[in-house]
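Me: I have a model open and want to go through some local features. Can you take my questions one at a time?

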Amino acid sequence: MTTYERTLRASAPDARGYRRLAPAPGEAHLDRQGRGALIGDEEVLVTIAQLSDLHVCDAQSPARAELLDRWADPDSPIGDVIGEVGTYRAQEMLTTQVVEAMVRALNDVRRGPLAGAPVDAALVTGDNTDNMQANELGWYLTLLDGGEVSPDSGDPTRWEGVAAGTNDDDRYWHPDRERSDLPRSRYGFPVVPGLLDAARETFRATGLDHPWLAVHGNHDRLLQGTLPSASWWARIATGSRHVAALWPDVTPQEVLELVAGLDACEPEALERLARGRTVSVTPDRARRATSREEFVAAHDHPAARPPRHGFAVDGRLYYRHDLAGVRLLVMDTVNPSGGWQGSVDREQFGWLSAELGRADAERAYVVLASHHPLDTWINDRGDPTRVLAPEMTALLAGHPSVVLWLNGHTHRAEIQARDGWWEVTCPSLIDWPQQGRIVEMLRGDGVLRIGCTMVDHGGDAPWSGSIAGPAALAGLSRELAANDWQADRPDHREHPPAGRAHDRNVVLTLPDPWPDPPPPGLLTPVVRRTHNSSHGE
């Protein structure tokens with residue numbers, strides 16, 4: 001359901017700060033000046049359903065590093081210094097159900113809510129998997145293409161992740177353990193008997209009705225989104241030991257050094273991490289790290305619409321795709337040498353420059369797509385010639401065809417005005433608010449308009465207390481995400497990842513770079529008139 005029709009708002013917190021979610025009135029569309037936004041009788045260039053950062057997660061994998069996340073908790077002595085770690089979430093065992101609920105919601109959005117034109121395609125802007133594992137890759141593709149999903153690994157008879165009742169670490173949420181833990185006693189998290197078994201149940205994924213295009217993210221290529229798969233840590237994934245806690249006498253300074261070393265992909269940091277206390281888990285070959293070639297090949301199957309979900313025939317992870325009235329240029333911003341931030345290599349930058357020159361000559365409207373937003377292009381690890389934000393900014397400034405850039409990565413809804421184009425960043429499906437976005441582009445009277453409308457997934461709202469089926473489990477996941485105890489929520493306001501009003505339901509405008517009719521012999525974009533369904537706020 002779009003948030004123009006209905007939003008979700010948190011109730012007043014209970015004694016421990018836990019908040020339930022409830023339906024609330026829809027959110028009207030604004031322009032960036034805060035006035036009411038009106039879509040008139042304009043030509044529709046394209047309508048795109050965007051979702052990002054699915055983080056389809058094997059929450060039982062021993063290659064995860066949940067033990068580091070507690071150092072960002074409110075009571076951590078280094079919480080203000082370490083910043084966001086992001087290696088553990090209470091709701092992480094429910095990612096497949098959340099994606100299924102979002103697929104159902106997007107399938108219900110047949111037309112753009114502002115202009116009323118049919119949705120042309122969905123765009124999935126990276127971090128489709130959480131830890132580049134083969135089983136996660138299979139789950140993600142089946143969720144979007146349709147088919148049977150069995151979100152389980154290791155021992156088929158029981159849950160072996162950190163949420164298991166047999167785990168005595170009180171920093172984790174144990175939904176059905178008799179003895180309480182910190183999330184329950186300090187933050188009011190619920191007791192949910194049977195949840196871990198319900199999370200492992202096989203279900204039939206609906207699959208997107210729309211054709212969908214894939215984008216490569218750092219979690220799709222790097223372990224924990226940071227470490228190259230050539231690291232010996234990749235062998236941990238298929239092994240029988242899970243590092244559950246750091247060494248007993250660890251100091252806060254040692255933790256800071258460890259996290260910095262992991263961010264820098266230092267082998268010594270991995271060795272220190274592996275010296276922590278381990279627990280036994282059931283080995284599973286399906287958890288193996290995938291190669292770049294395997295990731296691309298998995299998208300190449302007879303049911304894929306469009307072929308290979310956009311990826312190039314030669315295996316490149318960047319490509320051009322002409323979609324309705326726009327030219328989509330998809331970039332691969334993952335640095336294979338490691339690191340969670342973005343950049344592109346020289347070969348790809350040359351391709352992009354040539355494509356933009358061609359688009360200018362052909363008077364095309366270019367929509368860029370990538371995982372990383374422009375401001376995160378700061379990663380030249382392993383190759384000082386990689387292209388970072390300043391050089392990319394300079395390139396785009398010389399090409400009037402560029403009008404929009406769609407991306408993700410930050411897990412935040414955000415919209416920024418750039419020099420002649422707009423940057424639209426989509427939130428994630430693992431953190432609050434677990435939303436996607438409908439993007440409509442129109443032209444008329446020398447102006448381009450870009451309508452953005454947030455979409456809530458189809459999970460139960462409010463959560464009913466049931467754990468029967470994906471909709472109920474996705475509703476619980478969203479409620480848990482809204483109660484993330486590490487989130488900065490002054491005065492119990494919305495989480496920052498949901499963005500501000502002008503980052504959500506908005507109409508953006510910019511001058512049409514091609515307002516005049518094209519010269520003879522030059523193809524015009526495929527356009528459609530508005531469907532006369534504008535709600536005209």
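Me: Where is Pro 462?
Reply: Pro 462 sits in the loop between strand E18 (447-456) and H13. Helices here are DSSP runs of H or I with at least four residues, strands are E runs of at least two, and both are numbered from the N terminus.

Me: Which bond joins Ala 461 and Pro 462?
Reply: A cis peptide bond, with omega about 0°.

Me: What about the bond from Arg 305 to Pro 306?
Reply: That peptide bond is cis, with omega near -5°. Pro 306 is in the loop between H10 and E11.

Me: What kind of model is this, and which cut-offs apply?
Reply: It is a predicted model: local features need pLDDT of at least 70, side-chain atom pairs count only at pLDDT 80 or more, and totals for chains, interfaces and linings use all residues. Residues are numbered from 1 along each chain as its sequence is written, and side-chain values use heavy atoms, leaving out hydrogens and water.

Me: Now H13. At what angle do H2 and H13 pack?
Reply: Helix H2 (residues 95-108) and helix H13 (residues 470-482) pack at about 110°, with axes 8 Å apart. The axes are lines fitted to C-alpha atoms, for helices over the stretch in contact, and angles run from 0 to 180 degrees between N-to-C directions.

Me: What does that make H2 and H13 to each other?
Reply: Roughly perpendicular. Angles of 65 to 115 degrees get that label; under 35 is roughly parallel, over 145 roughly antiparallel, and the rest oblique.

Me: Which residues make the contact?
Reply: From H2, Gln 97, Val 98, Glu 100, Ala 101 and Arg 104. From H13, Pro 470, Ala 471, Leu 473, Ala 474 and Ser 477. Contact means heavy atoms within 4.5 Å.

Me: And by class?
Reply: The contact of H2 with H13 has 6 nonpolar, 2 polar and 2 charged residues. Nonpolar covers Ala, Val, Leu, Ile, Met, Phe, Trp, Tyr, Cys and Pro; charged covers Asp, Glu, Lys and Arg; the others, Gly among them, are polar.

Me: Switching to H3. How many of its residues are buried?
Reply: 9 of the 12 residues of H3 are buried, so H3 is largely enclosed by the rest of the structure. Buried means under 20% relative accessible area, exposed over 50%, and partly exposed in between (1.4 Å probe, protein chains only).

Me: Which ones, and what do they pack against?
Reply: Ala 134, Asn 135, Glu 136, Leu 137, Trp 139, Tyr 140, Leu 141, Leu 143 and Leu 144. They pack against H2, strand E5 (121-124), strand E6 (147-149), strand E7 (203-205), strand E8 (212-214) and helix H10 (292-298).

Me: How far does H3 reach?
Reply: Helix H3 (residues 134-145) reaches 16 Å from its first C-alpha to its last, close to the 16 Å expected at 1.5 Å a residue. The expected span is 1.5 Å times one less than the number of residues. Gly 146 follows H3 and has a positive phi, near 100°.

Me: What does Asp 130 touch?
Reply: Not counting residues up to four places away in sequence, Asp 130 touches His 55, Val 56, Cys 57, Arg 64, Glu 136, His 219 and Gln 224.

Me: Last topic. How many disulfides does the structure hold?
Reply: 0. A disulfide is a pair of cysteine sulfur atoms within 2.5 Å. For Cys 265, the nearest cysteine sulfur is that of Cys 57, 20 Å away. For Cys 426, the nearest is that of Cys 452, 9.8 Å away.

Me: Are those two, Cys 265 and Cys 426, buried or exposed?
Reply: Cys 265 counts as buried at 17% relative accessibility. Cys 426 counts as buried at 0%.
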